[in-house]
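Here's a quick briefing on a ligand and the protein around it. Have a look at the model first, then read on.

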Amino acid sequence: MNPKIAIIPGSNRSASLNRLVANETMRILARTDASVAFLDLADYPLPIYDGDEESGQGIPENASLLARQLMRQDALLLISPEYNRSIPPLLKNTIDWVSRVRKIDGRPVQPFKGLVVGLASASPGRFGGSNGLEALRLVMRALGSEVLTTQCSVANASDAFDAKGALIDDHARLSLEALCESLVDVSRSLSRTAYTD
Ligand SMILES: Cc1cc2nc3c(=O)[nH]c(=O)nc-3n(C[C@H](O)[C@H](O)[C@H](O)COP(=O)(O)O)c2cc1C
């Protein structure tokens, strides 16, 4: 069974270091039998979560579309910067909206429950955004995801890539490869789509 893995970068910035990590991850996963979907949050703009909007107009279509995409996956790799040692609003707001999707085509769903989740980050700083991953880990666990212990933080990320965007920091590369390997192995054994396709 080929594991199905989605990748979501937590930054839409055009020169985003985390998007470079996501691109590198795509290249690593292309050497496995996983089928990989790159979900770009720029394609799913959402308003800031507002309970009145939810009860008045319902859940925005983009949140439902993302939830539908996630329900097709065994695993999700979140690759995100940290803002003030926590989760950047783009990613947290998206997670919050998607967590409110409870039905797809009339069928009850919990988009993050049982999803194998891997965490990675990049920062120009020396901790590579690892503090933000602790915050993200708590959130994803609360939503019922199986969060991998293995994670990857690319420190000093402004110097970790060559001019073509390839990850040239050996330590970071090994760490990212270990995360991808773990993600493929665990999502294969905990597949939540194996019996639904
Ligand atoms: C509001 C804000 C808060 C930030 N807080 C942190 C932080 O706590 N730790 C850190 O290492 N970098 C922090 N940074 C710097 C980001 O790591 C850096 O801008 C990074 O390049 C953003 O990720 P991106 O390149 O993928 O967009 C912060 C940046 C912003 C805009």
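**The ligand and its pocket**

Around the ligand you'll find Ser11, Arg13, Ser16, Leu17, Asn18, Pro81, Glu82, Tyr83, Asn84, Arg85, Ser123 and Pro124, each with a heavy atom within 4 Å of it. Keep in mind that this is a predicted model, where local features need pLDDT of at least 70, side-chain atom pairs count only at pLDDT 80 or more, and totals for chains, interfaces and linings use all residues. Residues are numbered from 1 along each chain as its sequence is written, and side-chain values use heavy atoms, with hydrogens and water left out.

**Polar contacts (N or O pairs within 3.5 Å)**

- A polar side-chain atom of Glu82 sits 2.6 Å from a nitrogen atom of the ligand.
- The side chain of Asn18 has an N or O atom 2.8 Å from a ligand oxygen.
- At Leu17 a polar backbone atom is 2.8 Å from an oxygen atom of the ligand.

**Cover**

- On its own the ligand exposes 610 Å², and the protein buries 69% of that (Shrake-Rupley areas, 1.4 Å probe).

**Shell make-up**

- The shell around the ligand splits into 4 nonpolar, 5 polar and 3 charged residues (Tyr and Pro count as nonpolar, Gly as polar, and Asp, Glu, Lys and Arg as charged).

**Pocket**

- The ligand takes up the space of the second largest pocket (more than half of its atoms lie within 2 Å of the grid points).
- A pocket here is an open set of points on a 1 Å grid where a 1.4 Å probe fits, with protein on both sides within 12 Å along at least five of seven lines; lining residues have an atom within 4 Å of a point.
- Ala122 is one of the residues lining this second largest pocket.

Note on methods. Polar contact = N/O pair within 3.5 Å; in protein donor to acceptor, adjacent residues only side chain to side chain.
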